[in-house]
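Subject: Structure handover

Hello,

Here is the structure I promised to pass on. Please open it first, then read my notes below.

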Amino acid sequence: MKISTFKRHMIESLKSLKRNGWMSIAAFSAVTVTLLLVGILLSILMNVNKVASDIENDVQVRVLINRGTTKKQEQKLKENLEDLNYVGKIKFSSKAQELKNVIGSYGKEFKLFGGDDNPLNDVFVVSAKKPEQTVKIAKAAQKMKYVYDAKYGGASAKKLFSIVDNIQKWGIGISLLLLFVAVFLISNTIRITILSRKNEIAIMRLVGATNGFIRWPFILEGAWTGLFGAIIPIVVVNFGYMWLYKVISASLASTGYHLLSPGVFLVQIDSLLIFIGIVIGAIGSGVSMRRFLRI
Amino acid sequence: MIEFKHVFKKYPNNVLAAEDFNVKIKQGEFIYVIGPSGAGKSTFIKMMYREERPTSGEVTVNDYELQKMKNSEVPYLRRELGIVFQDFKLLSKLTVFENVAYALQVIEKEPDFIETRVNYVLDLVGLKHKAASFPNELSGGEQQRISIARAIANKPEIVIADEPTGNLDPDTASGIMEILERINSEGTTIVMATHNSQIVDEYTHRVLEIDGGKIVRDQPEGGFFQDED
């Protein structure tokens, strides 16, 4: 295609948006509504994934050390644990420290168990390199010398993994469904705008325009529709997310989990919405005009 | 050059619109296609620009064998033809200038060439001053002149006109004929379907009469009605 022809198609597609007035607005609205849904869903999904993976990565094995184990033996046990090839960090927590944690969580009553009455064990907190290796580490640790027990949250961790897995699967499914609905909605709206221009297309064919030549301005028009239709969803998602981030972050602060910080995340979401808008606009337009181009 | 050899056209509702058409139209000829409504004139015309396909037989236009032609080649055939319709078929949302320019844009001519050529043909049909107007701001005769300007913008060898004066008053119709005559005098073949007896008698050319799907008369320099002799 010549540059002058491409330039013509660009100008023509923009003029056509203007000429088709209300029809263009109808198409914008369809894009806007669907992209708004896609944008909100994507924001939720990506954050659920983020928090889920935070939780997932947070799973650690607590290796309880037999009481009466000497420092030397503890060191030996630490080395043995380090030898497991999927072990990441190992942190020592004395029984006094453990009791402090219990008091912090459950109340001052537990101060009674201070000093020699402390029934707790010294603990190695072992984190796995990959979350799914937690179970393996726990099992291996249980068999080691000087180990009283190795706990990893057992069934509850497994359950958590399966919930996260489900959220991700369903999230992807719903996103795909929504995108399919969006293409359908947009191609239908654009079909109506094209239907009203059936005569125009017939005339173009009569003067010898090839299908490609006729199609390009329509496809570009669809792309513009997608691009302009993405503006409102982007504004809403950006401001909405920044507001929610402030509100939710405050209440999440104590848990140690974080939402995706707005900076990079919003740039990604915005680019994705623009990209999706342009692509589904162009595809919707291309699909709906196929039937008018059969000679 | 246009040639029909043993062309039959039967529509799905069993109407036979062309029964063994054998016609040869030489380059530079002016030919009227006449006959009552529903006789098969439009089918004959539409087969020339491959809007309709014959059921059997051969249609050759310039060097294109239309019955063998692929759909994707049709635009290239149409670029060698200028087509004028009774209802003008102008793009209502484009200005006069843009309507004419469109025919040149589809064949990817350079913008400078398009500018010059469009102004030239608009001048030829006497409507250069209306270049910025929209079709609905023009009279019927003016719209038809624009549609002729569009048809000849690409210097086609053949102009096919389907009832070009059908919606126009006699004076305006004469104006259109003057333009077509001028185009023909420069060597362009003109095929014109018409109901207008006055025009056929006034501007005499070869007459092809179709009735009930048959060619009933093919007469050089004929009048609208067959001479009783």
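What share of the 229 residues of chain B count as buried? The figure is 43%. Please keep in mind throughout that this is a predicted model.

Confidence first. The model has an ipTM of 0.83 and a pTM of 0.68. In chain B the mean pLDDT is 91. A value of 70 or more is reached by 99% of the residues of chain B.

Chain B next. Its secondary structure consists of seven helices and ten strands. Take the contacts in chain B with a separation of 6 or more: 66% of them join residues 24 or more positions apart.

One helix of chain B deserves a look. Helix α3 of chain B spans residues 96-105 and is mostly covered. Of its ten residues, eight are buried. What lies over them?

Now the contact between the chains. Chain A brings 14 residues to it, and chain B brings 18 residues. On the side of chain A that touches chain B, the elements giving two or more residues are α1 (3-19) and α7 (198-206) of chain A. Of the elements there, α1(A) gives the most, with four residues. By residue type, that side of chain A splits into six nonpolar, four polar and four charged.

G229(A) belongs to helix α8 of chain A, residues 211-229. Is G229(A) buried or exposed? G229(A) counts as buried, because it has 27 C-beta neighbours inside 10 Å, and the cut-off for buried is 20 or more. Setting aside neighbours within four places in sequence, G229(A) is in contact with F28(A), V31(A), T32(A), L35(A) and G277(A). L273(A) is another residue to check against G229(A): the two are 44 residues apart along the chain, and their C-alpha atoms are separated by 9.6 Å.

Best wishes

Technical notes. Residues numbered from 1 in each chain as written. Chains lettered and ligands numbered in written order. Predicted model: local features only at pLDDT ≥ 70, side-chain atom pairs only at ≥ 80, totals over all residues. Contact = placed C-beta atoms within 7 Å. Nonpolar A, V, L, I, M, F, W, Y, C, P; charged D, E, K, R; others polar. Buried ≥ 20, exposed ≤ 12 C-beta atoms within 10 Å, placed from the backbone. pLDDT = per-residue confidence, 0-100.
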